[in-house]
Amino acid sequence: GLTGVRFSFHDHRAEVANQLADVGGLGDTYVRVAKLLLSRKDVHAHIYRIILRSTIDALSDYVRFLHDHNHSGRPIDLTFGMPSMRGRLFENRHLYPELDGLREHVQAALRFARELGIEPLIHHAPACLVPDHPERPACLHVTTAQMDALSGSISVMNFEGDARYGAACEGCAAREAGCYGLPSAYFDLDPRAAEAWLRPISESALDEARS
């Protein structure tokens, strides 16, 4: 039987979800499915939210929605991510959130989530999106790999799409720990703004997060 679902749920407002899906009525379905999963005690829902330009202002409201509809009897399993340069998002760079204010919005949502007993993770994003919480980014604690179905061989691979390091990454402990840097779209748009946004993470902060 089915015991777990990874659900990409990018906005809790049906009208916004409909615009993102670009398919009539699909946003309403997303919201209904989210409520259904949050009501099930027999299925573990892993909820993933990409932070987009049109939805960044509602991160805390989104967290509140999940909390208010959670009747599963377990803590909410929530991951926030930035758009990675793969698939649909590779060609739709207008969906990427602006760097200005991005870190502040995410950290505010993390604080609010923790007040509600939710401990979100960060995925498909540089570790310095949350420099004060190096325990959160998956890239620092999870090794991504691909297994060959025939031979059983395992290869460590980059699943972040086209990402790039900046000058600030040279002295960042997170780079050596698995961070792939910032999506290249930001460097293509404004290299100076991308460089200015990066925040090196110290080895001591990383060691503390691991302990």
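I call a residue buried when its relative accessible area is under 20%, exposed when over 50%, and partly exposed in between, using a 1.4 Å probe and protein chains only. With that cut-off I looked up the share for this chain, and 44% of its 211 residues count as buried.

I note that this is a predicted model, in which local features need pLDDT of at least 70 and side-chain atom pairs count only at pLDDT 80 or more, while totals for chains, interfaces and linings use all residues. Residues are numbered from 1 along each chain as its sequence is written, and side-chain values use heavy atoms, with hydrogens and water left out.

Next I looked up the secondary structure, taking helices as DSSP runs of H or I of at least four residues and strands as runs of E of at least two, numbered from the N terminus; the chain has nine helices and eight strands. The chain is as compact as a globular protein of its length, because its radius of gyration is 18 Å, close to the 17 Å from the globule rule for 211 residues; the radius is taken over C-alpha atoms, and the rule is 2.2 Å times the number of residues to the power 0.38.

Then I turned to helix α3 (residues 59-68), where I found Leu 59, Tyr 62, Val 63, Phe 65 and Leu 66 buried. They lie on the same side of α3, because they cover an arc of only 155° around the axis, the arc being that of the directions from the helix axis to the C-beta atoms. I also noted that the buried residues of α3 pack against α2 (26-39), β2 (44-50), β3 (77-81) and α5 (102-115), where contact means heavy atoms within 4.5 Å.
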